[in-house]
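I opened the file to look up a few things and keep notes. Entries follow in the order I made them.

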Amino acid sequence: MTRPDKPVLKRRALLGGTAAAGVGAVVSSGGSAAAANGGSRYGRPLDQAAIDAVALRIEGNLIALRRDLHDHPEAAKKDGVGEGEVATSRIVGHLLRAAGLEVRTHVGGLGVVGVLKGARPGRTVAYRADMDAVPPNGIIPAGTNPAKPTKPAHVCGHDLHTTVGVGVAQTLAQLRHRLSGTVVFVFQPGEETLEGAEAMIKGGALKDAPEEIHALHCGPFPVGQFAVTPGSGLPGQDEATLTVNGPDALARAERLTAEIKGLATVAPPRTPADLEKMVADVQTPNGPLAEFVVVRANATPDAEKGQATISVSYRCWPEERYVEVREAIRRLAKPYGGVVVRFRENPFPAMVCPEKDALALRRHLRRVLGPDAVTVMHAAFPFNGEDFALFLKKIPGTYTFLGVRTPGTVITEGYPHYGDFDPDVRAIGVGVRAMSGWLAERARG
């Protein structure tokens, strides 16, 4: 692959609502023409060759957009702290309007929904892209950037996700006279806080009644390779608070904390070699990650009250094991006498992708990109979660990892949340072409 030229994105013009040179100009021209012709002619059914041609023309502009979003990270507003993804949301809304989509903003907060109606009859499908950066406490110091982070940063790839989503919308908008059905684009804030999906659903993100929804996420696979997730996905999360009373409360709490940590079956990766093994394990049928429990726990004293508190969070697969883990925590606490154990009302649900849809996507990607362009995940990454789970509770769909690791680089440069995460931007064009073709096919029905 060759790296496209790097046009300049005029951020001030975008935020001011004026079409900017680079992204805005390309989209406005192509999108307006498509909109004007949408109802007047059908032309040939939409094919991958037409999609590839449009995607290639805008790839350089998309890379500029991603660079701009990367340089201006915005973390989700949490517990009233922070501004949220204000500028990112505004830029996305502007670009979708310039492409000729029907746009709703402030959906469930700062969410943006763009609706693209094709000229041909068909189904309604949706595509979701998350927009928020990672707050400092979610960044893992590593490699070339070992310092403790103090500011939000786009080290989970959401800047790339947003860019791919915009690129798919631009590509299909320029081909809407050949597009069947309707594609709904959902740009979501607050994924890192696990709050954005619920807010957008309550705010009407799905009111256009899509029959299915799809998403991509950066993954530690070779750049341009996809990892589909039939029957797997990502774990949910449960939480517990245990209160230990008495003059020796802290010492007892620390002993109990150690026992609770002993419930874990998987240790956090400490080295690049650990990460490499984990990536291999998730691709292994019936491998070591077919079932797991991951536990984080710590004890803190409250001298004034003469007690100590143990905070526990844990993930498990399959999610039915939450019942088992809750019982185990209660059992461990009982011998300590008088320990008050409280769990959240319900665990945050796991994201489980329907097998049928993921295998259909695998067939599509192999047909379009070749057999070596797709791998299969047979297990979930143990230490990550996703509120896309809430969309999949409403309608079926797919969640697929897009490889962003440059060949020859250390794995932390391609693994989200590490401080030296540096995705290969060539993945943008691959993601746009693949998802544009997939959504067009699904909307055609």
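**Entry: helices on the sheet.** I started with helix H7 (residues 249-261) in this predicted model. H7 lies across strand E8 (238-245), E9 and E10. Its direction runs at about 175° to that of E9. I then looked up helix H9 (residues 321-333), which also packs on the sheet. H9 touches E8, E9, E10 and E11. Its direction makes about 155° with that of E10.

**Entry: the sheet.** I traced the strand order next. The sheet is open, has four strands and reads E9-E10-E8-E11. The pairing is antiparallel. Strand E9 (292-302) and strand E11 (340-343) are the edges, each pairing on one side only. I noted an average twist of 15° from one strand to the next. How many bridges join E9 to strand E10 (residues 307-317)? I found eleven, between strands that run antiparallel.

**Entry: Trp 317.** I stayed in strand E10, where Trp 317 is found. Is Trp 317 buried or exposed? Its relative accessible area is 11%, so Trp 317 counts as buried. I listed its contacts, leaving out residues up to four places away in sequence. Among them are Gly 231, Ser 232, Gly 233, Leu 234 and Pro 235. Ala 290, Glu 291 and Phe 292 also touch Trp 317. So do Ala 350, Met 351, Val 352 and Ala 380. Leu 234 is 83 residues away along the chain, yet its C-alpha is separated from that of Trp 317 by 8.6 Å. I also checked the peptide bond from Trp 317 to Pro 318: it is cis, with omega near -5°. Pro 318 is found in the loop between E10 and H9.

**Entry: salt bridges.** I get 22 salt bridges in the structure.

- Glu 324 and Arg 321 meet through their side chains at 3.1 Å, N to O. They are three residues apart in helix H9, so about one helical turn separates them. Glu 324 is partly exposed at 45% relative accessibility, whereas Arg 321 is buried at 15%.
- Asp 281 bridges to Lys 277, with the closest N and O atoms 2.8 Å apart. Both lie in helix H8 (residues 272-282), four residues apart, about one turn. Asp 281 is buried, with a relative accessible area of 12%.
- Asp 424 and Arg 426 meet at 2.7 Å, N to O. Asp 424 is buried at 2% relative accessible area, and Arg 426 is buried at 16%.
- Arg 123, Glu 211, Glu 212, Asp 357 and Arg 442 are linked in a network of salt bridges.

**Entry: nonpolar cores.** Which residues touch the most other members of the largest nonpolar core? I found Leu 172, Phe 185 and Phe 187, out of 64 residues. Helix H12 (residues 426-444) gives the largest share of this core, ten residues. I noted a second, separate core of 46 residues, which includes Ala 197, Ile 201, Leu 234 and Tyr 418.

**Entry: helix H4.** Helix H4 (residues 86-98) has 13 residues. I get 19 Å from its first C-alpha to its last, close to the 18 Å expected at 1.5 Å a residue. Ten of the 13 residues are buried, so H4 is largely enclosed by the rest of the structure. Among the buried ones are Ile 91, Val 92, His 94, Leu 95 and Leu 96. Just after H4, Gly 100 takes a positive phi of about 95°.

**Entry: positive phi outside glycine.** I checked two residues here. Ala 209 is not a glycine, yet its phi is positive at about 60°. Its place is in the loop between helix H6 (196-202) and strand E5 (213-222). Ala 209 is exposed, with a relative accessible area of 53%. His 417 has a positive phi near 85°. I located His 417 in the loop between strand E14 (397-405) and H12. At 15% relative accessibility, His 417 counts as buried.

How values were computed: Residues numbered from 1 in each chain as written. Predicted model: local features only at pLDDT ≥ 70, side-chain atom pairs only at ≥ 80, totals over all residues. Heavy atoms only, no water. Core = buried A, V, L, I, M, F, W, Y, C linked by side-chain atoms within 4.5 Å. Buried < 20%, exposed > 50% of the residue type's maximum accessible area, 1.4 Å probe, protein only. Helix = DSSP H or I, 4+ residues; strand = E, 2+ residues; numbered from the N terminus. Expected span 1.5 Å × (residues − 1). Pairing = 2+ DSSP bridges. Axes fitted to C-alpha atoms, helices over the stretch in contact; angles between N-to-C directions. Contact = heavy atoms within 4.5 Å. Salt bridge = Lys/Arg side-chain N within 4 Å of Asp/Glu carboxyl O.
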